[in-house]
Amino acid sequence: MTMPPTKIKRILLVLTDELMLQMLENQVFAPTAYQVTTARDCETARRAMRTLRPDLLILGADLPDGDYLELAREMLALQPTLPILLYTGDQQHTLSRDAIRLGLVDWLVPPLKINDVRQAVERGLERSRHWAEWLRLASARYTGPLLKQV
C-alpha cells in the first residue's frame, strides 16, 4: 500500500530583521521541506496571504507600514485557523492582552535557539493539523445529513 504524498507546508515570514530572516531561512527552514515566503512589510504580507494560503505565519512586531496586531487580525479574518508565531526583537517587549486574545500560538524572543524555533514551528503546524481535522469532522457532521436528503 502506498502512502499519499505529504503536502509541503507553506510558511510565511513577515519580518524586518534581516539577521533573523537569514537565520530562519538558512538554519531553521533550509534543511526542511517547507516552502518559505518572506515579506518585509504589511502590504507585501497581504498580497502573499491572498495567493499563498500559508500553513503558518511568523510575524514580527516591528513592521514599517503598520501594526502587527492589526495585520494579525486581517490574516485571521482571511484564514481563521492560521497559527501565528510572534517574533519580537527584544525580551522587554510585553505580549499584550490583545495579542493573547487573538490567539497567537507562540512568542519568539532573542536569543533564539534553532531547536526552540523548530519546536515552536512544529507546535504551530500541529495545531493547524488539529484545526483542519476538526473542521473536516464538523463539516461532515453538519453536511452529511443534508446530503442524504438530496
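**Figure 1. Surroundings of Ser128 in the predicted model.** Apart from neighbours within four places in sequence, Ser128 is in contact with Asp55 and Pro83, contact meaning heavy atoms within 4.5 Å. Ser128 belongs to helix α5, residues 114–149; helices (H or I, at least four residues) and strands (E, at least two) are DSSP runs, numbered from the N terminus. With a relative accessible area of 16%, Ser128 is buried. Here buried denotes under 20% relative accessible area, exposed over 50%, and partly exposed the range in between (1.4 Å probe, protein chains only). The model is predicted, so that local features need pLDDT of at least 70 and side-chain atom pairs count only at pLDDT 80 or more, whereas totals for chains, interfaces and linings use all residues. Residues are numbered from 1 along each chain as its sequence is written, and side-chain values use heavy atoms, with hydrogens and water left out.

**Figure 2. The largest nonpolar core.** This core has 22 residues, and those with the most contacts inside it are Val14, Leu57, Leu59, Leu71 and Ile84. A nonpolar core is a set of buried Ala, Val, Leu, Ile, Met, Phe, Trp, Tyr and Cys residues joined through side-chain atoms within 4.5 Å. Two or more residues of the core come from each of β1 (10–14), α2 (42–52), β3 (56–60), α3 (68–78) and β4 (84–87). Helix α3 gives the most, with six residues.

Figure 3. When neighbours within four places in sequence are left aside, the residues in contact with Ile84 are Leu57, Leu59, Ala72, Leu76, Leu104, Val105 and Asp106. A second, separate core comprises 19 residues, including Leu13, Val28, Phe29 and Tyr87.

**Figure 4. The aromatic pair of Phe29 and Tyr34.** The model contains one aromatic pair. Rings of Phe, Tyr and Trp (its six-membered ring) are paired if their centres lie within 6.5 Å; planes under 30 degrees apart count as stacked, over 60 as edge-to-face and the rest as tilted. Phe29 and Tyr34 are arranged edge-to-face, at 5.8 Å centre to centre and with 75 degrees between the planes. Phe29 counts as buried because its relative accessibility is 3%.

Figure 5. Nine salt bridges are counted in the model, each defined as a side-chain nitrogen of Lys or Arg within 4 Å of a carboxyl oxygen of Asp or Glu. One of them joins Glu43 to Arg47, whose closest N and O atoms are 3.9 Å apart. Both residues lie in helix α2, four residues apart, about one turn of the helix. Glu43 is partly exposed at 37% relative accessible area, as is Arg47 at 44%. In a further salt bridge, the side chains of Glu70 and Arg73 meet at 3.6 Å, N to O. Because Glu70 and Arg73 are three residues apart in helix α3, about one helical turn separates them. Glu70 is partly exposed, with a relative accessible area of 38%, and Arg73 counts as partly exposed at 34%.

Figure 6. Between Glu122 and Arg129, which form a salt bridge, the closest N and O atoms are 3.9 Å apart. Glu122 counts as partly exposed at 37% relative accessibility, and Arg129 counts as partly exposed at 34%.
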